[in-house]
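Walk me through how this chain is put together. Start with a pair of helices, then move to the strands and the cores.

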Amino acid sequence: MSKFETHKGYSRTFQENKLSLGLFFPLEAYKGSIPVMDLKHQIDLARIAEQANFASLFVRDVPLNDPSFGDVGQIYDPWVFLGYLAAQTKEIALGTGSIVTTLRHPLDLAKAAASVDQISNQRLLLGVATGDRPIEFSAYKVNREERNELFQESFFVMKEVWKQSSPLINSQRVGLEKGDLLPKPVLSDIPVFVTGRSGQSLEWIAENSDGWISYPRNIDVQAKLINDWRSLTYEFQPFSQSLYIDLAKDPDEGPTPIHLGFRSGYKFLIEYLNRLQEIGVNHVILNLKYGQRPATDVINELGEKVVPQFPAFKQHLIE
């Protein structure tokens, strides 16, 4: 039995040998780096996604706009936005893809995550990463060469302060000798997912993480990567990946490559997702940035035609 079997976000999203679907904010297609991000419209679409039985909604953490990078995500601070989402939704899992641990103090990260998990009634899926935009490291005056070690520090500090009362911690950024971090998660833990390699070995990810978030690849390459990783794990750890889609109106339209994904009708998308399920992918987070249709139409069509093939899992079965 997984230690997160009763965690509402985890149990809604993950089941061994099964695949579920999520969506990345912003829930819109847009040109250039900066989305419109109309808040009312985004919340309306989030509620549609929840009613359609998507498993999750994911936010990104992009502290600064790097003009050379090409995308700033949902603009808003992820913790502020997650708090608002928690109040506007009821059951859907709320994920981060992913929090940049190197630029944020580990104790602040732990408190923010524990707060969102409790406010949302245990719906947080915490994706974490080292960060990949060089301008941010210099802006925050963080040594980019230390990012892999800072990532590990954040990971272990969060797990420790969630679990222990008044722990003693002496690390690069933390000197906790008195005091305690509140609130504690209900389960004294939150599911934490390493994103990409984050400067770590497969062995480290398998041993320490609660799951892995990676990127789209050729299916055969992805299958080998999943097999290599799973050979190092001792119990079920979910594998998730992102996927950019441009959903065509014609359901029979075949695939045309786009950045980190493809354009196609919903029939090919279902075939592709079934193949991902076969190779061991447990969750696919869809990104609509490069779409040519309104997000409302796309989410409604996905909810009608695709999500029923890969629905969120019934939480009452494990409560």
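His41, Leu45, Ile48 and Ala49 in α2 meet Ala295, Thr296, Ile299 and Asn300 in α10. Contact here means heavy atoms within 4.5 Å. Helix α2 covers residues 39-51 and helix α10 residues 295-306. Helices (H or I, at least four residues) and strands (E, at least two) are DSSP runs, numbered from the N terminus. The two helix axes come within 10 Å and cross at roughly 10°. That makes α2 roughly parallel to α10. Axes are lines fitted to C-alpha atoms, for helices over the stretch in contact, with angles from 0 to 180 degrees between N-to-C directions. Under 35 degrees counts as roughly parallel, over 145 as roughly antiparallel, 65 to 115 as roughly perpendicular, and the rest as oblique.

A word on the source. This is a predicted model, in which local features need pLDDT of at least 70 and side-chain atom pairs count only at pLDDT 80 or more, while totals for chains, interfaces and linings use all residues. Residues are numbered from 1 along each chain as its sequence is written, and side-chain values use heavy atoms, with hydrogens and water left out.

Now the strands. Strand β2 (residues 56-59) pairs with β3 in the parallel sense over four bridges. Two strands pair if DSSP finds at least two bridges between them. Val59 has Thr96 as its bridge partner in β3. Right-handed means that, with the strands pointing away from the viewer, the path from the first strand over the helix to the second runs clockwise.

Strand β3 (residues 93-100) also pairs with β4, again parallel, over five bridges. Thr96 has Leu126 as its bridge partner in β4, and Ile99 stands opposite Val128. The chain crosses from β3 through helix α4 (residues 106-119) to β4, and this crossover is right-handed. On to strand β7 (residues 192-195): three bridges join it to β4, and the two run parallel. Here Val128 stands opposite Val194.

How much of β3 is buried? Eight of its eight residues are. Buried means under 20% relative accessible area, exposed over 50%, and partly exposed in between (1.4 Å probe, protein chains only). Six of the six residues of β4 (residues 124-129) are buried too, so this strand is largely enclosed by the rest of the structure. In a regular strand the side chains alternate between the two faces of the sheet. Leu124, Leu126 and Val128 point one way from β4, while Leu125, Gly127 and Ala129 point the other way.

Take Leu126 in β4. Leu126 counts as buried because its relative accessibility is 1%. Beyond its neighbours within four places in sequence, its contacts include Trp79, Met158, Trp162 and Phe193. Phe58 is 68 residues from Leu126 in sequence, yet the C-alpha atoms are 9.6 Å apart.

The largest nonpolar core has 77 residues, and Phe54, Trp79, Leu126 and Trp162 have the most contacts inside it. Such a core is a set of buried Ala, Val, Leu, Ile, Met, Phe, Trp, Tyr and Cys residues joined through side-chain atoms within 4.5 Å. Helix α9 (residues 266-279) gives the largest share, seven residues. A second, separate core of 10 residues includes Phe4, Phe14, Leu125 and Ile213.
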